[in-house]
Amino acid sequence: AKGDFSTRAPLAQGVEELTDLASAFNRLTEQLQARLSELGRDRDEMRALIDTMAEGVVALTDDARVVRVNRAARALLGFPAEIPPFAPVGTLVRHEQLRALLEGSVAHPVQSQEIQLGDRVLLAASRRLALGGAVTTFLDITETRRLERVRRDFVANASHELKTPLTSIRGFAETL
């Protein structure tokens with residue numbers, strides 16, 4: 001009852017029903033210990049997977065309290081290293097748009113929304129959970145947006161630089 005799996009029910013000698021009952025309790029203890037160990041390994045594996053993800057992950061309860069935050073989310077969103085258990089989103093997030101997104105994600109899933117957070121651009125998406133609450137992911141797309149601007153500027157400059165000689169060539173061709 002207190003999680004001590006080393007304790008076993010004594011096998012009563014002479015009373016067959018009590019011996020069978022004690023054996024059943026001992027088998028139950030072994031099975032319970034094996035299942036709890038398996039669940040513990042699965043939980044640790046899941047935590048390791050979530051913590052090593054490059055995307056930020058924030059799990060919320062149905063009343064917008066933080067259940068779990070991985071390392072990437074702490075870095076992207078500026079959360080403290082230690083978050084109190086079941087802390088309300090409003091106590092951790094000062095950015096109005098981010099707070100509204102997180103609080104709203106428990107009621108309505110977010111397909112894909114960009115958020116400007118300081119000098120970074122984050123792509124947020126959320127999904128509601130069957131048992132209540134939501135999981136919201138954040139991807140830093142700052143570099144992608146910067147590269148898109150560079151590409152647009154290059155195309156605009158190249159187009160402009162090519163128009164001038166092409167206009168001259170076109171004029172000479174019409175003269176000929």
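Before anything else, a term: I call two strands paired if DSSP finds at least two bridges between them. Helices (H or I, at least four residues) and strands (E, at least two) are DSSP runs, numbered from the N terminus.

I am working with a predicted model, in which local features need pLDDT of at least 70, side-chain atom pairs count only at pLDDT 80 or more, and totals for chains, interfaces and linings use all residues. Residues are numbered from 1 along each chain as its sequence is written, and side-chain values use heavy atoms, with hydrogens and water left out.

**Entry 1**

I looked up the strand order and found an open sheet of 6 strands, running 3-2-1-6-5-4 with antiparallel pairing. Strand 3 and strand 4 are the edge strands, each pairing on one side only. I then followed strand 4 to strand 5: the two pair in the antiparallel sense over 5 bridges. Which residue of strand 5 is the bridge partner of E114? I found L123 there.

Next I checked which residues of helix 4 (residues 96-105) are buried, and noted L98, L101, L102 and S105. Buried means under 20% relative accessible area, exposed means over 50%, and partly exposed lies in between (1.4 Å probe, protein chains only). Viewed down the helix axis, the buried residues of helix 4 fall within an arc of 95°, so they line one face of the helix; the arc is that of the directions from the helix axis to the C-beta atoms.

What covers them? I listed the elements, among them strand 1 (56-60), helix 2 (71-77) and strand 6 (134-140). For L102, leaving aside neighbours within four places in sequence, I noted contacts with V58, L60, V89, V93, T136 and F138 (contact means heavy atoms within 4.5 Å).

Of its 25 residues, V58, L77, F79, L98, L102 and F138 touch the most other members. Several elements each supply at least two residues of this core, including helix 3, helix 4 and strand 5. A background note to myself: in soluble globular proteins, nonpolar side chains tend to be buried together.

**Entry 1: salt bridges**

I searched for salt bridges (a side-chain nitrogen of Lys or Arg within 4 Å of a carboxyl oxygen of Asp or Glu), and the whole structure gave 7. D51 forms one with R68, with the closest N and O atoms 3.3 Å apart. This pair links distant parts of the chain, D51 in helix 1 and R68 in strand 2, 17 residues apart. Are the two buried or partly exposed? D51 counts as buried at 19% relative accessibility, whereas R68 counts as partly exposed at 26%.

R146 and E143 meet in another salt bridge (2.7 Å, N to O). Both lie in helix 5 (residues 142-175), 3 residues apart, about one turn of the helix. I also noted that E114, R145 and E148 are joined into one network by salt bridges that share partners.

**Entry 2: two backbone angles**

Last, I looked for positive phi values away from glycine. A64 has one of about 60°; A64 lies in the loop between strand 1 and strand 2 (65-69) and counts as buried at 9% relative accessibility. F86 has one of about 55°; F86 lies in the loop between helix 2 and strand 3 (87-88) and is partly exposed, with a relative accessible area of 48%.

Key: A nonpolar core is a set of buried Ala, Val, Leu, Ile, Met, Phe, Trp, Tyr and Cys residues joined through side-chain atoms within 4.5 Å.
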